[in-house]
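Hello,

Here is the structure I promised to pass on. Please open it first, then read my notes below with the view beside you.

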Amino acid sequence: MELSTSTQACLLLTTRLSARDASEVLTAEQFSLLREKLGEENSISLLLEGNAEAVLCEYEISAKFAKQIMQLLSRGVGLAIATEKWSRTGVWIVGCEDPEYPLSIQSCGTIPPVIFGYGSLELLDGGGVIVDESLETKFGPNDLATVIDGLKTSAVGILDLVRSREILVELLQRGGQAVGITYKDIVAYGSVEQLRRAVLGGRLVLVSSRPPGHQMKDKPIYEEAIKQAIGDPHVTRHAIQVLNEKESEGNDPPTQQLDLGF
């Protein structure tokens, strides 16, 4: 797995490299602050391409923050071991400064420093119906899958939520396509036969801001924002309109046969 220097820097700064790694990685706010301090014209890769200590001093990073950053950057051996392990699982890894980083996710208010996934990156910029609580509560998986499949678009939902997962699976069973977002172990989902077949068939992409194989107990940070960013609100509203129309048709009183006396 060939990772850009900027992606390596993002991983070192924001990711625990193993289940035993207790490093104090940067929070979303700290990572955003660091990028802001470096300025838009500079890449986070500056910290690996030259003298990181001098760079931090030049851009007036506080001593305490700089110490934390330097400790994280010193985990090069751990990163090499982790990336070798991750590459064997078949995931791709894209940092927020890579050209391949999806444009859709760049629109998040606070973008994930790194995303991990299985499947076609192109699906992440293809839009789709946002599967959220309002849809899940009002409409059943079968109706939702029927409408989304009929619109020839993707469903974008969080696999870790039971009702969302039911909708995505129902759509995939019909031959449709989906974006499955997870804050749990992406490897576990990728090894499910039905999902794996859909990934290999180009109909499903799995994406997470968390490294493969990790069972983290902390709460999700980016996943809801990723879902909203990838999905298309216009397509979602259209799907809801179609569903409401179908529901209205289903509630119409049955037509009665007129007795014409013949």
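Start with Ser 164, which lies in helix H10. Keep in mind that this is a predicted model. Is Ser 164 buried or exposed? Ser 164 has a relative accessible area of 1%. The cut-off for buried is under 20%, so Ser 164 counts as buried. Beyond its neighbours within four places in sequence, Ser 164 is in contact with Val 131, Glu 136 and Ile 158.

Now move along to Leu 171. Helix H10 covers residues 162–173, and Leu 171 is found in it. Leu 171 has a relative accessible area of 0%, so it is buried. Which residues does Leu 171 touch, not counting those up to four places away in sequence? They are Ala 145, Ile 148, Asp 149, Ala 155, Gly 176 and Gln 177. For a sense of distance, pick Gly 78. Leu 171 and Gly 78 are 93 residues apart along the chain. Their C-alpha atoms are separated by 40 Å.

Then go to helix H1, residues 5–14. Eight of its ten residues are buried, so H1 is largely enclosed by the rest of the structure. The buried ones are Ser 6, Thr 7, Ala 9, Cys 10, Leu 11, Leu 12, Leu 13 and Thr 14. What covers them? The cover includes helix H2 (28–38), helix H3 (46–49), helix H5 (63–73) and helix H6 (76–88). It also includes S1 and strand S2 (114–118).

Last, the largest nonpolar core. It holds 77 residues. Those touching the most other members are Leu 13, Leu 34, Ile 44, Leu 47, Ile 69 and Leu 124. Leu 13 is worth a click. Leaving aside neighbours within four places in sequence, its contacts include Leu 34, Ile 44, Leu 47 and Ile 69. Val 25, Leu 26, Phe 31, Leu 72, Leu 73 and Arg 75 are also in contact with Leu 13.

Best wishes

Technical notes
Residues are numbered from 1 along each chain as its sequence is written. This is a predicted model: local features need pLDDT of at least 70, side-chain atom pairs count only at pLDDT 80 or more; totals for chains, interfaces and linings use all residues. Side-chain values use heavy atoms; hydrogens and water are left out. A nonpolar core is a set of buried Ala, Val, Leu, Ile, Met, Phe, Trp, Tyr and Cys residues joined through side-chain atoms within 4.5 Å. Buried means under 20% relative accessible area, exposed over 50%, partly exposed in between (1.4 Å probe, protein chains only). Contact means heavy atoms within 4.5 Å. Helices (H or I, at least four residues) and strands (E, at least two) are DSSP runs, numbered from the N terminus.
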